[in-house]
Amino acid sequence: MAEPLPPTRSRIPGSGLAKGLAVTLRTMTKKTVTAQYPDAQPELPPRTRGVIGLFEENCTVCMLCARECPDWCIYIDSHKETVPPAAPGGRERSRNVLDRFAIDFSLCMYCGICIEVCPFDALFWSPEFEYAETDIHELTHERDKLREWMWTVPAPPALDPAAEEPKEIAAARKTADKLAAEQAARAEAAEAEAAQAKAAETKAAGTKAAQTEAGAAQADPAQGDPAQADPAQGGQAAAPGEPTAPPGRPEPPAAPPSGPQEGQS
C-alpha cells in the first residue's frame, strides 16, 4: 500500500513577486562602483582563462590537442629526425621535431580541452587578456608568441605538506642525482689520472737525473778511479803505461842496491 504524500505548505499568492522586488530594492540602495579600466586593472582570479601559453620543451608533437580541439584552431607541423644510439652497438631511433605550433584565437572558444588532454604539460592558461588586434590575422599566435605568454602564467598552488611527491619531480630528482654522481666519478677519475701523470713525470725526472750523474762520472774518470786520485789528497798519480797496484794491497819493498855499502872494505 503506497504511503501518503506529505502535506504541502500553502503559499501566499504573490510571494515570489515580493521576493524578486526585495532583491531589486536591495540592489538599488547599494552604491554603484565602476572600474575605471584600463586605468584600474581588474583583479582576476589566478585560474582565469585569458590566453594559452606554450612550453615548447615539453611538447612531443603527439597531436592530441589538435585532434581534440572542437574548433580546429590549433595548427601543428613537424618532421622526424634520426637520433644516434646512446651506447655503441645500439639501435638508432627517430623522434618528432616541432616546426610550427599556432593557435587561432579568433576561432578559439576557450574551452580548455587542449590543456586538459595534453599528457606532457606543454599548454597552460595565462590570465592575460589584453591582446586585441585590429587585423583578425594577427590573432593567430605562432609558437614564439605562445612562448612569451608562458612568462605570465602564475605559479601552481603549493602542495599539501603531507601529500606524496609527484612522480615527475621524483624522476627529475633521480636523473639529476645520477648525472651528479657521473660528474663526480669523472672528476675523481681525472684527478687520479693527473696524479698518476705527475708521479710518472717525477719518476722520469729522477731517472734522468741519475743518468746524467752516471754520464758525468764516466766522462770524468778521476772521480770514479781511486788509482788516479789527486796526489795532494794522499794518492800518487801513476805514470802512463805503468801498472798500478790494486787498491787495498801494500806495494812490495824496493830491492837493496847491488853496489858496496858504507862501512865495508
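The legends below describe close-up views of one predicted protein model.

Residues are numbered from 1 along each chain as its sequence is written, and side-chain values use heavy atoms, with hydrogens and water left out. Because the model is predicted, local features need pLDDT of at least 70 and side-chain atom pairs count only at pLDDT 80 or more, while totals for chains, interfaces and linings use all residues.

**View 1. The protein chain as a whole.** The protein chain holds 6 helices and 5 strands, where helices (H or I, at least four residues) and strands (E, at least two) are DSSP runs numbered from the N terminus. Read along the sequence, these elements follow the pattern α-β-α-β-β-α-β-β-α-α-α. Of the 265 residues of the protein chain, 15% count as buried; buried means under 20% relative accessible area, exposed over 50%, and partly exposed in between, with a 1.4 Å probe and protein chains only. Among contacts (heavy atoms within 4.5 Å) between residues at least 6 apart in sequence, 70% join residues at least 24 apart.

View 2. The largest pocket has a volume of about 670 Å³. On a 1 Å grid over the protein atoms alone, a pocket is an open set of points where a 1.4 Å probe fits, with protein on both sides within 12 Å along at least five of seven lines, and lining residues have an atom within 4 Å of a point. Grid points are joined across faces, edges and corners, and the volume is the space filled by probe spheres set on the points. The lining has 17 residues, of which R47, F124, W125, P156 and P157 lie nearest the centre of the pocket. The elements that give two or more residues to this lining are α3 (113-117) and β4 (123-126), and β4 gives the most, with 3 residues. By residue type, the lining divides into 12 nonpolar, 1 polar and 4 charged, counting Ala, Val, Leu, Ile, Met, Phe, Trp, Tyr, Cys and Pro as nonpolar, Asp, Glu, Lys and Arg as charged, and the others, Gly among them, as polar.

**View 3. S126 in strand β4.** S126 is found in strand β4 and is buried, with a relative accessible area of 0%. The side chain of S126 makes a polar contact with the side chain of T152 at 2.5 Å; a polar contact is a pair of N or O atoms within 3.5 Å, where within protein one must be able to donate a hydrogen and the other to accept it, and residues adjacent in sequence count only if both atoms are side-chain atoms. Not counting residues up to four places away in sequence, S126 touches T48, R49, G50, V51, W149, T152 and V153.

View 4. E128 has its place in the loop between β4 and β5, and is partly exposed, with a relative accessible area of 31%. The C-alpha atoms of E128 and V51 are separated by 6.0 Å, although these residues are 77 residues apart along the chain. When residues up to four places away in sequence are not counted, E128 touches G50, V51, W149 and T152.

**View 5. Aromatic pairs.** The structure holds 5 aromatic pairs, in which rings of Phe, Tyr and Trp (its six-membered ring) have centres within 6.5 Å, with planes under 30 degrees apart counted as stacked, over 60 as edge-to-face and the rest as tilted. The rings of Y37 and F129 have their centres 6.1 Å apart and their planes at 35°, so this pair is tilted. Because Y37 lies in the loop between α1 (15-29) and β1 (51-54) and F129 in the loop between β4 and β5 (140-141), the pair ties together parts that are 92 residues apart in sequence. Y37 is partly exposed, with a relative accessible area of 43%, and F129 is also partly exposed, at 37%. Elsewhere, ring pairs link F105, Y110, W125, Y131 and W149 into a cluster.

**View 6. H141 in strand β5.** H141 lies in strand β5 and is buried, with a relative accessible area of 4%. A polar contact of 3.2 Å is made between the side chains of H141 and W149. Leaving aside neighbours within four places in sequence, H141 is in contact with V51, F101, A102, I103, F105, Y131, L146 and W149.
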